[in-house]
Structure formats: structure tokens, C-alpha cells
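Let's take a walk through this model together, starting with its aromatic rings and ending with one of its helices.

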Amino acid sequence: LDVLPNRDSISFARLYGLSDAPTFFRGTLRYRGFCERMYAASQLGLLELGPLPRLAGKQSKKEWMAALLETPEDNLRQAIDERIAGGFGAKVGASFIEWLGLLSNEKMPSVNIENPID
């Protein structure tokens with residue numbers, strides 16, 4: 001598991017009845033690779049609130065992702081690699097995008113998805 005520190009933990013020591021503890025750490029446990037996946041999602045705009053009208057009416061996940069990155073579909077993998085290359089866990093992040101199916105020709109849901117985070 002990966003451990004992510006949660007901001008300033010010291011203020012929570014009293015809340016938890018641990019004011020006398022010599023040290024105090026408060027964090028979140030996530031499965032290994034979570035940070036790399038979220039970094040890639042962020043770099044690719046998948047956490048944007050939107051709406052982004054250019055995403056409306058796309059027929060496939062690949063077409064939607066290409067519109068999000070404002071790149072032709074045949075350049076999609078390269079555009080993804082350029083945005084996350086050399087970054088934190090680029091290989092894990094790229095495989096996550098593929099795992100999500102965002103490089104596939106699978107049809108999009110019948111509703112318009114203009115907000116990437118949705």
C-alpha cells in the first residue's frame with residue numbers, strides 16, 4: 001500500500017485524544033500505484049470539472065479522449081505520452097488510461113459527457 005500524508009496532522013492529535021503522543025501522523029492508505037494513476041489523470045485533464053463543449057456528441061471513448069486532448073485520434077497515444085512522459089509513474093499512468101478503455105473504439109454512453117471528471 002501507498003501512504004499519503006493528510007495535510008497538517010498535528011491539529012488532529014487532540015481531537016483523537018492523543019495530545020500527549022510524542023509524534024503524530026495522519027494519512028490515507030491507497031493501493032500501490034494510486035498516486036501515479038491520479039497524476040496521469042490530472043495531467044490529461046480527466047479531473048477537470050468542465051463543461052468542455054468540445055466533448056459533446058463524441059461516439060467512441062477514443063474520439064472523446066482525443067477531443068479532450070485536442071489532438072487527432074491517430075496521434076492520441078503520442079499526445080498522452082507527451083503529457084505524462086518523464087512524470088511521476090508515467091508507465092503506470094499510461095497503462096491506467098488504457099485499462100479505463102479511453103483508447104478503445106467502444107461506444108460512449110448515450111448521454112453527452114462534457115465534464116471530464118464525470
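Is phenylalanine 24 buried, partly exposed or exposed? With a relative accessible area of 21%, phenylalanine 24 is partly exposed; here buried means under 20% relative accessible area, exposed over 50%, and partly exposed in between, using a 1.4 Å probe and protein chains only. Before going further, please keep in mind that this is a predicted model, in which local features need pLDDT of at least 70, side-chain atom pairs count only at pLDDT 80 or more, and totals for chains, interfaces and linings use all residues. Residues are numbered from 1 along each chain as its sequence is written, and side-chain values use heavy atoms, leaving out hydrogens and water.

A pair of aromatic rings is described by the distance of the centres and the angle of the planes. Rings of Phe, Tyr and Trp (its six-membered ring) pair if their centres lie within 6.5 Å; planes under 30 degrees apart count as stacked, over 60 as edge-to-face and the rest as tilted. The structure holds three aromatic pairs. One of them joins tyrosine 16 to phenylalanine 24 in a tilted arrangement, 6.0 Å centre to centre with 40° between the planes. Tyrosine 16 is partly exposed, at a relative accessible area of 43%. A charge sits over a ring if NZ of Lys or CZ of Arg is within 6 Å of the ring centre and within 35 degrees of the ring normal. The charged end of arginine 30 likewise sits over the ring of phenylalanine 34, at 4.9 Å from its centre.

Now turn to helix 5 (residues 90–99), where phenylalanine 96 and tryptophan 99 lie three residues apart, about one turn of the helix. Helices (H or I, at least four residues) and strands (E, at least two) are DSSP runs, numbered from the N terminus. Phenylalanine 96 counts as buried at 13% relative accessibility, whereas tryptophan 99 counts as exposed at 67%.

Finally, look at helix 2 (residues 34–43), in which Glu36, Ala40 and Ala41 are buried. They share one side of helix 2 because they cover an arc of only 135° around the axis, the arc being that of the directions from the helix axis to the C-beta atoms. The buried residues of helix 2 pack against strand 1 (2–5), helix 4 (76–84) and helix 5, where contact means heavy atoms within 4.5 Å.
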